[in-house]
Amino acid sequence: MALLRYIIDTRKSALKPLTSAEYQQNLLDDREKAKLAFEKAWATRNFEIEMYWKRATYFWAFIASTLIGYFALVNSSNYLMADPYDHVEVYFVICIGFVLATAWFLTNVGSKAWQRHWEVHVDMLEDLFTGPLYKTVFPRKTFSVSKINEIVSFSFVIVWILIGVKYFIDKDLINFSSFRINWLVVFATSGAALAVVSMIFGHGRGRFSDREVLMYRRSMTYKYFPAEPTLASEQTDISGS
C-alpha cells in the first residue's frame, strides 16, 4: 500500500479556505506581527528566487551530461555494429534524460508556485509599511523569466521523447510485421514511466494533508572529568607547604 501511494497518492488535501477577515485577524491586526511577517515574506521570496536558479543549474548540468553521453554512444563505431540487445544502453540514457527533463519542468512549476505564494503575502502586507510598492508596476506588458524557463524545460521533455522514437525506428522495434520484444527496453520504459507518474500523481506532489506528529527526546549523559588544579591553586599549595 505504501508503494502504491508512492506512485499514485489519493489522499485528499486538508487545506481550508481562509476568509479575508481571518487573514486580517491572523496577520494584519497586530502591527508588530504584520511587520515581521512582511519582512519574512520578502526574505523567503528572495530565497525562493535564489534557489530557483540554483536548481536550474543543477538540472542543466545533469541534462547536458546525458546529452553528451547519448551523442557519444550513437556516434561511436560500436553503435553501427549488430547487437543482440539493440544497444539498449543508448535507450537507458534516453530514459534518464527524459526523467531528468520532466523533473526539471515540474520543479520549475513548483518553484514558481512557492515564489508566487510569498509574493501574494507581500501584496497583502506591504500597504501597512511601504505602501503598494510591489503592486505598482511600470511595464504594461513584459516577459516572464520563470515561464520562459518552464517552456525551455518542457521543450527538453519533447526532445527526449523524439529521441526515444528515433531509437525505436533505428532498431526496428515498432515494425508490426516482424514483432519482437526487447525486455530491457520494456523494463527501462516502465521504470521511466513509473518515475514520471510518481512525480506527477504520487510522492512528488504536495498534498497538504493532515499531519500527525509525535516528537521524541533523545537522552544525553554528561561525562564527568575531575577538575584539574589551576595554576593559582598550585601556587597556593606550594606557598602553604
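Is Lys 135 buried, partly exposed or exposed? Lys 135 counts as partly exposed, at 37% relative accessibility. Here buried means under 20% relative accessible area, exposed means over 50%, and partly exposed lies in between, using a 1.4 Å probe and protein chains only.

This is a predicted model, in which local features need pLDDT of at least 70, side-chain atom pairs count only at pLDDT 80 or more, and totals for chains, interfaces and linings use all residues. Residues are numbered from 1 along each chain as its sequence is written, and side-chain values use heavy atoms, with hydrogens and water left out.

**Salt bridges**

The search of the whole structure finds eight salt bridges. A salt bridge is a side-chain nitrogen of Lys or Arg within 4 Å of a carboxyl oxygen of Asp or Glu. Side chains of opposite charge can pair when their charged atoms come close.

| Pair | N to O distance | Relative accessibility of each residue |
|---|---|---|
| Glu 50 and Lys 54 | 3.1 Å | Glu 50 42%, Lys 54 48% |
| Lys 135 and Glu 126 | 2.9 Å | Lys 135 37%, Glu 126 1% |
| Lys 166 and Asp 170 | 2.6 Å | Lys 166 43%, Asp 170 42% |

Glu 50 and Lys 54 both belong to helix 3 and are four residues apart, about one turn of the helix. Helices are DSSP runs (H or I, at least four residues), as are strands (E, at least two), and they are numbered from the N terminus. Lys 166 and Asp 170 are separated by about one helical turn because they are four residues apart in helix 5.

**Nonpolar cores**

In soluble globular proteins, nonpolar side chains tend to be buried together. A nonpolar core is a set of buried Ala, Val, Leu, Ile, Met, Phe, Trp, Tyr and Cys residues joined through side-chain atoms within 4.5 Å. The largest one in this model has 28 residues, and those with the most contacts inside it are Ile 63, Tyr 70, Val 90, Tyr 91, Ile 94, Trp 160 and Tyr 167. Helix 3 (31-74), helix 4 (88-125), helix 5 and helix 6 each give two or more residues to this core. Helix 4 supplies the largest share, 11 residues.

Ile 94 touches Tyr 70, Trp 160, Ile 163, Gly 164 and Tyr 167, leaving aside residues up to four places away in sequence. Contact here means heavy atoms within 4.5 Å. A second, separate core has eight residues, including Leu 28, Phe 38, Ala 41 and Leu 125.

Ser 153 lies in helix 5 and is buried, with a relative accessible area of 0%. Not counting residues up to four places away in sequence, Ser 153 touches Ala 101, Trp 104, Phe 105 and Asn 108. With Asn 108 there is a polar contact between the two side chains, at 3.2 Å. A polar contact is a pair of N or O atoms within 3.5 Å; within protein, one must be able to donate a hydrogen and the other to accept it, and residues adjacent in sequence count only if both atoms are side-chain atoms. A polar atom of the Ser 153 side chain also lies 2.8 Å from the backbone oxygen of Glu 150. Ser 153 and Asn 175 are 22 residues apart along the chain, and their C-alpha atoms are separated by 31 Å.

His 87 is found in the loop between helix 3 and helix 4. The relative accessible area of His 87 is 2%, so this residue is buried. Asn 78, Tyr 79, Met 81, Tyr 167 and Lys 171 are touched by His 87, with residues up to four places away in sequence not counted.

**The nonpolar surface patch**

Tyr 85, Phe 92, Phe 179, Ile 181, Trp 183, Leu 184, Val 186 and Phe 187 make a nonpolar surface patch of about 850 Å². Patches are made of residues with over 30% relative accessible area and no salt bridge; like charges are joined within 9 Å, and nonpolar side chains (Val, Leu, Ile, Met, Phe, Trp, Tyr) within 5 Å. Accessible areas come from the Shrake-Rupley method with a 1.4 Å probe, and for residues only the protein chains shown count as cover.

Helix 6 (residues 183-201) gives the most to the patch, with four residues. Phe 179 lies in the loop between helix 5 (145-170) and helix 6 and counts as exposed, at 58% relative accessibility. Ser 190, in helix 6, is partly exposed, with a relative accessible area of 36%.
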